[in-house]
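I opened this notebook to record what I looked up in the structure. The entries follow the order of my reading.

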Amino acid sequence: MGTSFGRGGATTFQQDLQHSDCIVIMGSNMAECHPVGFQWVMEAKLRGATIIHVDPRFSRTSAVSDMYVPIRAGSDIAFLGGIVNYILQNGREFREYVERYTNAATIVSAEFEDTEDLDGLFSGFDPERGVYDVTTWQYEGAGDTGAAAGQRVRHFETDAALGERHGSHGALPGGRPRHRDPTLQDPQCTFQLLKKHFTRYTPEMVEETCGVPREQFLRVAELLCDNSGPEKTAAFCYAVGWTQHTVGVQYIRTAAIIQQLLGNIGRPGGGILALRGHASIQGSTDIPTLYELLPGYLPMPHPGDEDLATYIDNNSSPTGYWGNMDKYATSFLKAWWGDKATPENDFCYDYLPRINGDHSNFRSVLDMLEHKVKGYFVIGENPAVGSTNSKLQRLGLANLDWLVVRDFVEIESAAFWYDSPEIETGELRTEEIPTEVFFMPAAAHTEKDGSFTNTQRLLQWHHTAVEPPGDARSDLWFAFHLGRIIREKLAGSTDERDRPILDLNWNYPTQGAIEEPDAHMVLREVSGYDADNKAVSGFQDLKADGSTACGCWIYSGAFAGEVNQTARRKPHQDQNWVAPEWAWAWPANRRLLYNRASAKPDGSPWSERRRYVWWDDAREEWTGYDVPDFLTKKRPDYKPPDGAQREDAIAGDEPFIMQADGVSWLYAPSGLRDGPMPAHYEPQETPFRNPLYAQQHNPVRQTYRHRYNPYHPSNGQVGSEVFPYVFTTYRVTEHHTAGGMSRTLPYLSELQPEMFCEVSPELAAERGLVHNDWATIITARTAIEARVMVTDRVTPLLVQGRTLHQVGLPYHWGTKGLTTGDSANDLIPLALDPNVHIQESKAATCDIRPGRRPRGPALLALVEQYRRRAGLDGAESRRAAAKEHDR
Amino acid sequence: MSMTLPPKTPSGGRDPAAISGWAQHPDRVGFFTDTSICIGCKACEVACKEWNEVPDDGLNWLGQSYDHTGELGADTWRHVQFIEQRKRPGTADEGLDAPLIEHVPLAQLGREEGFRWLMSSDVCKHCTSAACLDVCPTGALFRTEFGTVVVQADICNGCGYCVPACPFGVIDQRRGDGRVWKCTLCYDRLKGGFEPACAQACPTNSIQFGPLDELKVRANRRVRQLHEQGFTDARLYGADPDDGVGGLGAFFLLMDEPEVYRLPPDPVVPTRDLPAMWGAAAKAATALAVATVAAFMAGRR
């Protein structure tokens, strides 16, 4: 999303779905996982919208949709690419929108070669290192700004250690592109490249790849196109069913291309809604718990970023809003180090660590197995159940010096040392585990002040209703007092390495008997204040001279006017339907992003029916139902003068102000590691060949060869027939992710009291599975058991002339709580998307057979027997281990 | 006694509170459960238990699709049913046993269109003519000013007469307690001016609460809309004030025959026939008495 539009968040908000004429829910079981937000889908349906659900499994979302399309797990790019091709072949694109608001006209370097030319690879692939050199993907003339820029891009983008360098926004080192063809006829313009790239994604190809009959696919494509245009809008909703693949980012990119071609971005009832799984998962990327990002999507410095000026130069863009990165970065440093951050010491920039390798969660877990990681905090997570290859996770936890787990109850991640599958099989023995576990009771959200940032970038404040019981404390309390105690212990140290901690601005007032830090003061710092210690009104107030401090620039303004804007609760009936005075959304309280695109280039609405933000000639400003996502006084006919910088370089008819060129990206010249356009690749584990290219998998996906992380042979390889079925994992409404907040409660546990698997009657007949009885699901990682639910909701598919059976597995269960069961995540290998290091947990292969699994060491014997049959014997595993990181 | 139904109100509904002795009373309120937009999230079940402190119903795997609480009972006052049906949605002419083609290529044949998954949140119907209330010997069951039917736990003696009386099998004795329990339509919340917990928790407005007359207007509009969209099987259940229970205080929009939802197609309050039965019995008794007297008279002769 960031690469396509400029910001790494949902382009719209859930309430806006009510205005949609057609909603495609794909990669999401929205009714079950987002039941409250789903009311707006139901509202749209009541108003006559068509709801389409595309999913491997008929779920509660499918039940209330107008159309359900079963699809093979892991084949969505083929399906979506088919829609792109349908649009382009039939001229269904929203022409004026595409011409004016996207980079369709921009000319790409003549050196660029497509997957059509190289049978599944883009130009610049380095087979030795398994990475792309992206130089040839650039716009034509990008190199004109000097070799340094091109060099820089090559250096950053090809270093396998780097995460999302520009991944969160459309920065262009060279600034605005110089070469355009407004007629979209030039064969090197992105529009023509796109057309060529997707030309073989025909309805027949969709059928062969996805198992979706061509008539059904065409119905979806037609409905989508019929419900888009000046008068109508269509929306996409997705969740982790799209992100959790080795090509997850490109799934979303394909939808982004469709929505650009149909003119559905920045307009009411349109957009792409990224549905986030937890109450504040959006918040945990905005103010990240990720190793490669700093707050507000500022990249974490790399070794090449020697000083602040270089860091900013390497990461900003002369044109577009990222031209202001110096203000955001300096204010961020001032928030962390306060008075200690001065122009003389580069605002303490050197206190920030530099990334010199992969420090993602999965890498860290593998490092635990080698005892390279000594200590670990598990807060609001239950990796022993909820993380991919949870067996590997548990083995990692069992090889630490210390582990801190903060939760409401003793979850599996705190109990693994005496109660886990590995204790049962004898792989772990309690007395041999070195890890010292500290379990700390945590306060619930009703027991503390704070904010959630939800799926639509909305910050909502919650107040303490009751004091936390006993020793339970908030995460804020824990972090603050841990920092305080560490600082007290380090006080007086002259060691340089302690300076970053000792110089921290760590002065939050505390209150009450438990000395709870004042969460309002944290939000105030996040929002920002000026040299007179007055709250800033937004990021436009931030300065690069050190006179302002702001913990997270995109949240700037959340405390504007010294008022906690996130605590606003004006009822919707007392304001317009957008409800701008309910809580506060980033950025600048905008609810619908890029909303300048809801008006024509001349500033008038595309249609009365879809009016949203428009240019008011009398008042000489942008106005509408929402905060305009544009400089309010910038005229629609504004043309940037030569040499204009930052936002001044964005013309009055360019709605995507975060992009260096002011338009959305059909073709992404930078920011992605696996291609400027999406291509269908098979999942890491698949019973099928890639029908589109000789290149079977995403060539730059991240894999970890490890004895506890073996991969099944793929289609055609010896042993692939041992694991003939595809399985996919998911949640059900009744339980919360890894179960820590639901399997402990009787009212929720009774509603889904056992781990189960969902299979079709046809598969049940083929394998002798009996409804309500037990089944064992086997992979090379391990085997688990589950109650059998035979249901018509699972459909066999015809793919490449063969019948494919898919198995559905909810992943909520573990060994603790009122309802216990095996964990589906034990089955899934680590294979990651190269852009964001998200694991492929939505498509893998398995075998299934009736009956309960063996107990104790017999379980290991069963798995070993399967490994041998699949050719994954010990020798193979050892060879594989030596080739770690093999692609 | 419900031998006579409450008279109809100007809007066509019935007002049971009035004939139960409430001279001044608020509008009759109830539920309209629109199953066409139920997403089966079970928030109603949980909200009901949370608010009313109903114990859990046991952690038992039932495998009735996604339903593991089974049915309404003393410990489940809202119950969401899941009905997996091999039927093309919206076509009245295709029966339950519409043929399903079982062989590949299934996808090509569009098997998914021959299938639907119905969900419905069931609840006590708060009948206009409530048999449970009629047969209660202790007065534990009573008609509230809102027209709803409520059990007073401190009066119920656990006799259980009401259990077989209910034509819907709703009211139930709690094991280990003996008393009967059921939905109160959150009488305590109504007293405080709040809507029932289930209706408030329902994210899609499948459960709607309000004055019954208003709900029926809305429900009729919704049925018309569904018919226009081709869902010709859609119908209201329990909205007719002239049915065997005088209409329901909690009525439903169903997408198929009531039997599909395990609801009686033509519910009748069992006490409806009591007057006739008593009349017949009285006639028989009189005839017997006359015969006896006649016999003695004849004997004396």
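**Entry: a buried leucine in chain B**

I began with B:Leu185, which counts as buried because it has 27 C-beta neighbours inside 10 Å. The term buried requires 20 or more other C-beta atoms within 10 Å of the residue's own, exposed means 12 or fewer, and partly exposed lies in between, with C-beta atoms placed from the backbone. I found B:Leu185 in the loop between strand 7 (180-181) and helix 5 (187-191) of chain B. Helices (H or I, at least four residues) and strands (E, at least two) are DSSP runs, numbered from the N terminus. The phi of B:Leu185 is near 50°, a positive value in a residue other than glycine.

**Entry: conventions**

I note that this is a predicted model, in which local features need pLDDT of at least 70 and side-chain atom pairs count only at pLDDT 80 or more, while totals for chains, interfaces and linings use all residues. Residues are numbered from 1 along each chain as its sequence is written, and chains are lettered from A and ligands numbered from 1 in the order in which they are written.

**Entry: chain B overall**

I recorded 8 helices and 10 strands in chain B. Of the 301 residues in chain B, buried residues make up 42%. Among contacts in chain B with a separation of 6 or more, 65% are accounted for by residues 24 or more positions apart. Two residues are in contact if their C-beta atoms, placed from the backbone, lie within 7 Å.

**Entry: where the chains meet**

How many residues of chain A are in contact with chain B? I noted 41 residues of chain A in contact with 36 residues of chain B. On the side of chain A that touches chain B, at least two residues each are supplied by several elements, including helix 3 (39-46), strand 24 (783-790) and helix 25 (746-749) of chain A. Helix 25 of chain A gives the most to that side, with 4 residues. The residues of this side of chain A divide into 22 nonpolar, 12 polar and 7 charged. In this division, Ala, Val, Leu, Ile, Met, Phe, Trp, Tyr, Cys and Pro count as nonpolar, Asp, Glu, Lys and Arg as charged, and the others, Gly among them, as polar.

**Entry: nonpolar cores**

A nonpolar core is a set of buried Ala, Val, Leu, Ile, Met, Phe, Trp, Tyr and Cys residues joined through C-beta atoms within 7 Å. The largest has 238 residues, and those with the most contacts inside it are A:Ile23, A:Val24, A:Val84, A:Tyr238 and B:Cys132. Helix 5 (residues 76-89) of chain A provides the largest share of this core, 9 residues. Apart from this core lies another, of 43 residues, among them A:Val759 and A:Leu804. Returning to A:Ile23, I listed what it touches beyond four places in sequence; among these residues are A:Leu17, A:Val41 and A:Cys237.

**Entry: a helix pair and a covered helix**

Helix 15 (residues 308-315) and helix 16 (residues 325-337) of chain A pack at an angle of about 135°, with their axes 10 Å apart. The axes are lines fitted to C-alpha atoms, for helices over the stretch in contact, and angles run from 0 to 180 degrees between N-to-C directions. That angle makes helix 15 of chain A oblique to helix 16 of chain A. The contact is made by A:Leu308, A:Ile312 and A:Asn315 of helix 15 and A:Met325, A:Asp326 and A:Ala329 of helix 16 of chain A. Under 35 degrees counts as roughly parallel, over 145 as roughly antiparallel, 65 to 115 as roughly perpendicular and the rest as oblique.

Helix 19 (residues 390-397) of chain A is mostly covered, with 7 of its 8 residues buried. The buried residues of helix 19 pack against several elements of chain A, including helix 17 (361-369) and strand 11 (402-407).

**Entry: backbone features and loops in chain A**

A:Tyr297 has a positive phi of about 65° although it is not a glycine. I placed A:Tyr297 in the loop between strand 8 (293-294) and strand 9 (298-299) of chain A. A:Tyr297 is buried, with 25 other C-beta atoms within 10 Å.

A cis peptide bond joins A:Trp586 and A:Pro587, with omega about -5°.

Is A:Gln282 buried or exposed? A:Gln282 counts as buried, with 25 C-beta neighbours inside 10 Å.
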